[in-house]
Amino acid sequence: MNSPISRRTVTTSLLAGAAALGTSGVTHASPMETSHRRPGRPHGHPDTPTVVLIHGAFADASSWSGVVQRLQRHGHRVLAPALPLRGLASDAAYIRSVLDSVTGPVVLAGHSYGGAVISQAASDTPHVKALVYVAAFVPEVGESALQLTDRFPGSTLGQATVTQHYPLPGGGQGEELVIRKDLFRRQFAAGVPLRTAQVMAAGQRPVTLAALREPAAAAAWKTIPSWYLVATEDRNIPPAAERWMAARARARTVAVRAPHAVSVSDPGPVTDLILSAVRSVR
């Protein structure tokens, strides 16, 4: 991680619990199954899944740009809303309102802290048919993002962040985290071109400490089929934690030699995994 990643190795594996899903691996459909889409209808339509992409902490919706472009080339309707990053319950409620605006089935993907958000937002949202976790948290009820980060060694996020203060609506101050700009590329986006990483660092979205500490109130992955991408060079969430969460969720899993910002560094494998989830929706 001290130098740019020069080679990406993508390996596909089925974790032990995936047998319960009745598959021996991620299935592939012919191009005809994903390329014929009727554009122009806002917020989706009944016969085509809409893909909704949720970014995580220290990023914004533009971190999905490469994935969005690829999904759109496949003819899919895509939404990538901005996540407030203020609190897990309130963030999930906001994303649920976005989901309520979509007609037809939804494939819901989350990166990093966005994984905790989609796990809660998809609960009691029956038209969400698949969950895709991209180097993301997959909490059980009662677990927080910080608890999952600390479950395995390897995260260097604590040393790379600084705390800022912001005014609370009822008075007083809250605490939020940002990654130091001089450490951003190494910590979050190793392998991403330097200029791109510098732009990402300048536009990073702070996350509140309260959001990272807030325990999950729902775990939609228990009832909705899930997919997981492990970023093996992740410095934010230990890869061992990612593999453990994927196994617990019985997710169909791929591993990519990439940093935490894998949707920026390697949008192709991320898109492929999302398309696998899309093809499962009937």
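Buried here means under 20% relative accessible area, with over 50% called exposed and partly exposed in between, using a 1.4 Å probe on protein chains only. Helices are DSSP runs of H or I with at least four residues, strands are runs of E with at least two, and both are numbered from the N terminus.

A quick word on the model. It is a predicted one, where local features need pLDDT of at least 70 and side-chain atom pairs count only at pLDDT 80 or more, while totals for chains, interfaces and linings use all residues. Residues are numbered from 1 along each chain as its sequence is written, and side-chain values use heavy atoms, with hydrogens and water left out.

Now the overview. The protein has 12 helices and 10 strands, and buried residues make up 54% of its 282 residues. For contacts, meaning heavy atoms within 4.5 Å, take those with a separation of 6 or more: 73% of them are between residues 24 or more positions apart.

Back to α4. The buried residues are Y113, G114, G115, A116, V117, I118, S119, Q120 and A121. What do they pack against? They meet β2 (50-54), α3 (88-100), β4 (106-112), β5 (128-136) and α9 (209-213).

Let me pick α3 out of that list. The axes of α3 and α4 come within 8 Å and cross at roughly 65 degrees. Axes are lines fitted to C-alpha atoms, for helices over the stretch in contact, and angles run from 0 to 180 degrees between N-to-C directions. From α3, the residues involved are L88, A89, D91, A92, I95, R96 and L99, and they meet Y113, A116, V117, Q120 and A121 of α4. That contact divides into nine nonpolar, one polar and two charged residues. The classes are simple: Ala, Val, Leu, Ile, Met, Phe, Trp, Tyr, Cys and Pro are nonpolar, Asp, Glu, Lys and Arg are charged, and the others, Gly among them, are polar.

There is another helix pair to show you. Helix α2 (residues 65-73) packs on helix α12 (residues 267-280) at an angle of about 50 degrees, with the axes 9 Å apart. The two are therefore oblique to each other; on this scale, under 35 degrees is roughly parallel, over 145 roughly antiparallel, 65 to 115 roughly perpendicular, and the rest oblique. α2 passes α12 in a right-handed crossing. G66, V67, R70 and L71 of α2 make the contact with P267, G268, V270, T271, I274 and L275 of α12. By class, that gives six nonpolar, three polar and one charged residues.

While we are on α12, look at A277, which lies in this helix. Is A277 buried or exposed? At 0% relative accessibility, A277 counts as buried. Leaving aside neighbours within four places in sequence, A277 is in contact with V107, A130, V132 and W227. A277 and P49 are 228 residues apart in sequence, yet 10.0 Å apart in space, C-alpha to C-alpha.

On to the strands. An open sheet of three strands runs in the order β6-β7-β8, with antiparallel pairing, where pairing takes at least two DSSP bridges between two strands. The edge strands are β6 (161-167) and β8, each pairing on one side only. Strand β7 (residues 173-179) and β8 are joined by two bridges, and L177 stands opposite V207 in β8.

T208 is found in β8 too, which covers residues 207-208. T208 is buried, with a relative accessible area of 0%. Beyond four places in sequence, T208 is in contact with L85, R86, G87, Y166, E175 and E176.

Last stop, strand β10 (residues 252-256), which is mostly covered, with five of its five residues buried. In a regular strand the side chains alternate between the two faces of the sheet. Here, R252, V254 and V256 point one way and T253 and A255 the other way, and all are buried. Five bridges join β10 to strand β9 (residues 226-231), and the two run parallel. Y228 stands opposite T253 in β10.

Key. Left-handed = near helix turned anticlockwise from the far one by under 90°.
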